[in-house]
Amino acid sequence: MAQQFWTFHDQTGTEHTFGIFHGEDSGHFVAYLDDRVMIIDFGILDNKTYNFFFERELLKLDIQKKEQEFIYTLNVDKE
């Protein structure tokens, strides 16, 4: 099971943690922000993008399948 997390600070300096769990065989996917589940999805076995707001920022989580592994990126969507 793939696990990854990012730590960042909001405008007031408060630290937050965004993390994911991804069953690479089953495709079951969970994303959380601090202690709140943000996304639950099933059968994620290929590329996928999720967009969600954190305060006033639109965040973009990309899941990219490269050969037999997944690569996860979290960015502020500036578009």
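1. In this predicted model, S5 and strand S6 (residues 57–66) are joined by 7 bridges in the antiparallel sense. Strands here are DSSP runs of E with at least two residues, numbered from the N terminus, and two strands count as paired if DSSP finds at least two bridges between them.

2. A few conventions before going on. Residues are numbered from 1 along each chain as its sequence is written, and side-chain values use heavy atoms, with hydrogens and water left out. Because this is a predicted model, local features need pLDDT of at least 70 and side-chain atom pairs count only at pLDDT 80 or more, while totals for chains, interfaces and linings use all residues.

3. The other neighbour of S6 is S7: the two run antiparallel and share 8 bridges. Leu61 has Leu74 as its bridge partner in S7. S6 and S7 make a hairpin with 2 residues between them. Glu67, in the loop between S6 and S7, has a positive phi of about 55 degrees, although Glu67 is not a glycine. Glu67 counts as exposed because its relative accessible area is 73%; the classes are buried under 20%, exposed over 50% and partly exposed in between, with a 1.4 Å probe and protein chains only.

4. Together, these strands give an open sheet of 3 strands in the order S5-S6-S7, with antiparallel pairing. Strand S5 (48–54) and strand S7 (69–76) are the edge strands, each pairing on one side only. From one strand to the next, the twist averages 20 degrees, where axes are lines fitted to C-alpha atoms (for helices over the stretch in contact) and angles run from 0 to 180 degrees between N-to-C directions.

5. The order is S1-S2-S3-S4, an open sheet of 4 strands with antiparallel pairing. Its edge strands are strand S1 (2–9) and S4, each of which pairs on one side only. Here the twist averages 15 degrees from one strand to the next. Within this sheet, S2 and strand S3 (residues 29–33) run antiparallel and are joined by 5 bridges.

6. His22 deserves a look in your viewer. His22 belongs to strand S2 (residues 15–22), and its bridge partner in S3 is Phe29. Is His22 buried or exposed? With a relative accessible area of 0%, His22 is buried. A polar atom of the His22 side chain lies 2.8 Å from the backbone oxygen of Ile44. The His22 side chain also makes a polar contact with the side chain of Tyr72, at 2.6 Å. A polar contact is a pair of N or O atoms within 3.5 Å; within protein, one must be able to donate a hydrogen and the other to accept it, and residues adjacent in sequence count only if both atoms are side-chain atoms.

7. The loop between S3 and S4 holds Asp34. Asp34 has a positive phi of about 55 degrees and is not a glycine. Its relative accessible area is 31%, so Asp34 is classed as partly exposed.

8. How many salt bridges are there? The count comes to 1 salt bridge, the rule being a side-chain nitrogen of Lys or Arg within 4 Å of a carboxyl oxygen of Asp or Glu. Asp41 and Lys48 form a salt bridge, with the closest N and O atoms 3.4 Å apart. Lys48 is partly exposed, at 33% relative accessible area.

9. On the surface, Val37, Ile40 and Phe42 form a nonpolar patch with about 340 Å² of accessible area together. Patches are made of residues with over 30% relative accessible area and no salt bridge, joining like charges within 9 Å and nonpolar side chains (Val, Leu, Ile, Met, Phe, Trp, Tyr) within 5 Å. The areas come from the Shrake-Rupley method with a 1.4 Å probe, and for residues only the protein chains shown count as cover. Ile40 sits in strand S4 (residues 36–41) and is exposed, because its relative accessibility is 55%.

10. Last, the segment after S7 includes Lys78, which is exposed at 74% relative accessible area. The C-alpha atoms of Lys78 and Leu58 are 7.9 Å apart, while the two residues are 20 residues apart along the chain.
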